[in-house]
Amino acid sequence: MVIANEFDYQRPSTLADVTRMLAEHPGSARILAGGTDLVAWLRDDAIAPDLVVDIKNITGIHDLKVEGSALRIGALVTFSDLIESEVIAAHAPLLAEMAETVASQGIRNRATMVGNICSAVPSCDAGPVLLAYDTTVHLVGPSGARSVDINDWFVGLRKTARTDDEVVTHLTIALRPHGGVYVKLMRYAGEDLAQAAVGIVAYPDDDYRVTFGAVAPTPIRSTRIEDALHGKPLTESAVAEVVAMVRDEISPITDIRASAEYRTRMTEVMLERGLWAASERLAGRGPAYGDRLI
Amino acid sequence: MELNLNINGEHWALDVAPADVLLDVLRDKIGVKSPKIGCERGDCGSCTVLMDGRSVRSCLILAVEADGHDITTVEGISSDGLSELQNLFLVNNSFQCGFCAPGIVLSATELLEHNPNPTRHDVQEAIVGNLCRCTGYEPIIKAVLAAGKGGSE
């Protein structure tokens, strides 16, 4: 089984070259970073680009560092980079907790977090966590740089706010004290996509972000649930109240990997456990990052 | 397109098409047959090779992406005889049909390089993306743990 489609391959060394190439092939060029989605799609004939633009020679988009009061994560940062990074362990261990659930080592060594949200499949693991972190996505296009609030990023099934001639350069996440969780339901460890997933970040003063993966066409955030939790100490009844809201906030499908009802029920369970764990982690206790809640 | 890469310490220059996949180039153009053609979509791990020391799926990498990089396969780690890990696979009967073995040996080699004394959980995590349909994994985990500096479970 070979790749049937013929295409040109370019590995430019500047962002200006990338955006020029993308602009010269409107709609028929694809960006290649880790390739774990792109090459699979090429093999499946799911895409047939004229041009593949490999961005791995671009300097300045590998960074994973604190810059001012924000965490900066370059487009070429892989899931393995996140797991091994001391910066992530110190400032955003939730990203490592999420990254550890992505596929397996051989994929994580190549797959990038930015690529994950550019592929934008409903079950993308980075989606719920980056939504919960109020992330900003930074892009460059022919007319210059712009940034997109992660809340405006996912616009539909496998569709994002990125236009065909733009390339994501990096993400930024404001540094704030927080406790976070990523809870992922899967059939077995390794190589499985989420059947359902919950991302939660608890900020001081009972300020929460609550997000879901694999239960809608895109990763989603529930501001209704966040508002219900806002400004009140977490109690059994407060948790029960928002758990009861889950069914109206998500729209899972039944497919080969799980039924809609199972996804819904497990999302409720994951939200309940996740809220307690996030709030305990904010307080400096609770389960260690990486401990599985289900 | 011209492709220059190091395979098991040997420099190769060859002409490839952009659509050629690294796995196929290794097997068909270079003659390195230990990476196996399994699922061809990154799920089974039988095509695993080390790229600059890290395990990767050669079925999901275009050959041109490997330009300038070092590729290691089991042929490379056993050029001076079997590695300690490979010997422990023999001693522990860690494979039967052998189809998964090159990938698992390389995944475990990467693990031991970064973590010389892995726990059972570390070993399971490292090989979770390498499917074996014969052994039930226990003899594999035993061999990798024995290769760790702990020497045994």
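## The hairpin of chain B

In chain B, strands S1 and S2 form a hairpin with two residues between the strands, and Asn8(B) takes a positive phi near 50°. Strands here are DSSP runs of E, at least two residues long, and helices are runs of H or I, at least four residues long; both are numbered from the N terminus. S1(B) covers residues 2-7 and pairs with S2(B) in the antiparallel sense, over six bridges. Two strands pair if DSSP finds at least two bridges between them.

How many of the six residues of S2(B) are buried? The count is zero, so strand S2 (residues 10-15) of chain B is hardly covered. Buried means that 20 or more other C-beta atoms, placed from the backbone, lie within 10 Å of the residue's own; exposed means 12 or fewer, and partly exposed lies in between.

## Model and confidence

This is a predicted model: local features need pLDDT of at least 70, side-chain atom pairs count only at pLDDT 80 or more, and totals for chains, interfaces and linings use all residues. Residues are numbered from 1 along each chain as its sequence is written, while chains are lettered from A and ligands numbered from 1 in the order in which they are written.

The model scores ipTM 0.96 and pTM 0.97. Chain B averages a pLDDT of 95, and 97% of its residues score at least 70. pLDDT is the predictor's confidence in each residue, from 0 to 100.

## Where the chains meet

The contact takes 25 residues from chain A and 24 residues from chain B. Contact means that two C-beta atoms, placed from the backbone, lie within 7 Å. On chain A, the elements giving two or more residues are strand S1 (8-10), helix H2 (38-43), strand S3 (51-54) and helix H6 (105-108).

## Domains of chain A

Chain A is divided into domain 1 (8-54), domain 2 (64-174) and domain 3 (179-282). These bounds come from an automatic or database domain assignment. The centres of domains 2 and 3 of chain A, taken over C-alpha atoms, are separated by 20 Å. Their contact takes 21 residues from domain 2 and 22 residues from domain 3. On the domain 2 side, H8(A) gives the largest share, five residues.

## An open sheet in chain A

Four strands of chain A form an open sheet in the order S11-S12-S13-S14, with antiparallel pairing. Strands S11 (179-185) and S14 (220-221) are the edges, each pairing on one side only. Two bridges join S13(A) (residues 207-213) to S14(A). Phe212(A) stands opposite Ile220(A) in S14(A).
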